[in-house]
Amino acid sequence: MGSSRHMVVLSYFVFLFLAALPGIRAVHYVVINKAGNSTGGARFTNEIRIPNCRHVLIMATDFILMRIFRQNIPTDRKPVENVSLVIENIDGDGVAYTSNDEIHVSADYIGSYSGDVKRELTGVLYHEMTHIWQWNGDCQAPRELVEGIADFVRLKANRAPTHWVKPGEGDRWDQGDDVTARLLDYCNCLRNGLIAELNKKMRSGYSDNFFVELLGKTVDQLWTDYKAKYGN
């Protein structure tokens, strides 16, 4: 009896918690497999499946908005109502890209990936969902920083692949992707919540001086300190 009562109370508080996240659950997610019976399309159908991907998109949204960007107020967020994920054949050797709230993932990549493809795609989707929700300085922010923030999210979600650079590696702070993500992780340790504050500043513009305003040092000095910490 006591256990049942506790379960009812827990369910009630879970309901209250979800009700306190206005806007997140209202997003409509659609997943489409356009790759048909191709190797990648068939592997997606058999090993990943549409319901699982939709669940990942929902979980990624919650993680990005609440844990990383800390956007508890709906007006702080981008006004996204619909998100589509399309599995299809993409020209070239790209893995995925996002445009107009649509994520496109290469079926060839899914078909040829050697390893846990479900885990890999989850990491890719956390990265791409970040592009859906992040501010990019009204297109003024360096592309490498935008990509670095997306990989930072993937890193904090424990979805970083083994081939990423190790902490301290890389040639420059704006090298992008995993290199910039590692620097941002270092900076976030200096000021907890830094990425949320940086993203907020990037809503309507961008300046390298944002790092000075938030951490008291230029981004170049932060890069030097970061490299020194790891003996590089």
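**Entry 1. Contacts and overall layout**

I looked up contacts in the protein chain between residues at least 6 apart in sequence, and 68% of them join residues at least 24 apart. I note that this is a predicted model. I then listed the secondary structure and found 10 helices and 4 strands in the protein chain. Read along the sequence, these elements follow the pattern α-β-α-α-β-β-β-α-α-α-α-α-α-α. I also checked burial: of the 232 residues in the protein chain, 46% are buried.

**Entry 2. Val 83**

I selected Val 83, which lies in strand E2 (residues 82-88). Is Val 83 buried or exposed? Its relative accessibility is 0%, and Val 83 therefore counts as buried, the cut-off being under 20%. I next asked which residues Val 83 touches, not counting residues up to four places away in sequence. I found Val 27, His 28, Tyr 29, Val 30, Asp 101, Met 129 and Ile 132. For one of these partners, Ile 132, I recorded the separation. Val 83 and Ile 132 are 49 residues apart in sequence, but 8.1 Å apart in space from C-alpha to C-alpha.

**Entry 3. Helix H7**

I turned to helix H7 (residues 177-190) and compared its length with expectation. At 1.5 Å a residue, its 14 residues should span 20 Å, and the C-alpha atoms at its ends are 20 Å apart, which agrees.

How many of the 14 residues of H7 are buried? I found that 11 are, so H7 is largely enclosed by the rest of the structure. The buried residues run from Asp 178 through Val 179, Thr 180, Ala 181, Arg 182, Leu 183, Leu 184, Asp 185, Tyr 186 and Cys 187 to Asn 188. I then looked for what they pack against, and recorded helix H6 (143-156), helix H8 (194-201), helix H9 (209-215) and helix H10 (219-229).

**Entry 4. H6 against H7**

Two packed helices are described by the angle between their axes and the distance between the axes. I looked up both for H6 and H7: the axes come within 7 Å and cross at roughly 70 degrees. That angle makes H6 roughly perpendicular to H7. The crossing of H6 past H7 is right-handed.

I also noted the residues that meet. From H6 they are Glu 144, Leu 145, Glu 147, Gly 148, Ile 149, Asp 151, Phe 152, Leu 155 and Lys 156. From H7 they are Asp 177, Asp 178, Thr 180, Ala 181, Arg 182, Leu 184, Asp 185 and Asn 188. Sorted by class, this contact has 6 nonpolar, 3 polar and 8 charged residues.

**Entry 5. H3 against H6**

I examined a second contact of H6, with helix H3 (residues 50-68). The axes of H3 and H6 come within 11 Å and cross at roughly 100 degrees. H3 is therefore roughly perpendicular to H6. Phe 63, Ile 64 and Ile 68 of H3 make the contact with Phe 152, Val 153 and Lys 156 of H6. I counted 5 nonpolar residues, no polar residues and 1 charged residue in the contact of H3 with H6.

**Entry 6. Helix H10**

Finally, I looked up helix H10. Its buried residues are Val 219, Leu 222, Trp 223, Asp 225, Tyr 226 and Lys 227. These buried residues pack against H7 and H9. I recorded that H10 is followed by Gly 231, whose phi is positive, near 70 degrees.

Note on methods: Residues are numbered from 1 along each chain as its sequence is written. This is a predicted model: local features need pLDDT of at least 70, side-chain atom pairs count only at pLDDT 80 or more; totals for chains, interfaces and linings use all residues. Side-chain values use heavy atoms; hydrogens and water are left out. Helices (H or I, at least four residues) and strands (E, at least two) are DSSP runs, numbered from the N terminus. The expected span of a helix is 1.5 Å times one less than its number of residues. Buried means under 20% relative accessible area, exposed over 50%, partly exposed in between (1.4 Å probe, protein chains only). Contact means heavy atoms within 4.5 Å. Axes are lines fitted to C-alpha atoms, for helices over the stretch in contact, and angles run from 0 to 180 degrees between N-to-C directions. Angles under 35 degrees count as roughly parallel, over 145 as roughly antiparallel, 65 to 115 as roughly perpendicular and the rest as oblique. A crossing is left-handed if the near helix is turned anticlockwise from the far one by less than a right angle, and right-handed if clockwise. Ala, Val, Leu, Ile, Met, Phe, Trp, Tyr, Cys and Pro count as nonpolar, Asp, Glu, Lys and Arg as charged, and the others, Gly among them, as polar.
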